[in-house]
Amino acid sequence: REGVRTFFRAVTTAIPDLRVTLDHLYAEGDRVFAFMSWSGTHVEPLFGAPPTGQPIHMRTAEIHRLEGGRIVEHWD
């Protein structure tokens, strides 16, 4: 959990106007598939990359495996 918190703290610090849109969500068995769009302005360093001041746009496809109502594995 702390790793997820650390990741999102870094991202939202570097991209304070971050917007994440859930484009599609599917579930099958113990897997959930999420397709998302991310956008914002890169204004602070992020994972060693200096700020650009430019807008960013990216799309992700994520797979989560659930067990006992919790996410136990995650892939991007």
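## The nonpolar core

Seven residues make up the largest nonpolar core: Val11, Ala14, Ile15, Leu18, Met36, Trp38 and Leu46. Such a core joins buried Ala, Val, Leu, Ile, Met, Phe, Trp, Tyr and Cys residues through side-chain atoms within 4.5 Å, where buried means under 20% relative accessible area with a 1.4 Å probe, protein chains only. H1 and strand S2 (31–41) each supply at least two residues of this core; helices (H or I, at least four residues) and strands (E, at least two) are DSSP runs numbered from the N terminus.

Leaving aside neighbours within four places in sequence, Leu18 is in contact (heavy atoms within 4.5 Å) with Val11, Thr12, Trp38, Ser39 and Gly40.

## About the model

This is a predicted model, with local features needing pLDDT of at least 70 and side-chain atom pairs pLDDT 80 or more, while totals for chains, interfaces and linings use all residues. Residues are numbered from 1 along each chain as its sequence is written, and side-chain values use heavy atoms, leaving out hydrogens and water.

## The S3–S4 hairpin

S3 and S4 form a hairpin with two residues between them, and Gly68 in the turn has a positive phi of about 60°. The two strands pair in the antiparallel sense over five bridges (pairing takes at least two DSSP bridges). Leu66 has Ile71 of S4 as its bridge partner.

## The largest pocket

Helix H1 (2–14), strand S3 (55–67) and strand S4 (70–75) each supply at least two residues of the lining of the largest pocket, and S3 gives the most, with five.

Conventions: Buried < 20%, exposed > 50% of the residue type's maximum accessible area, 1.4 Å probe, protein only.
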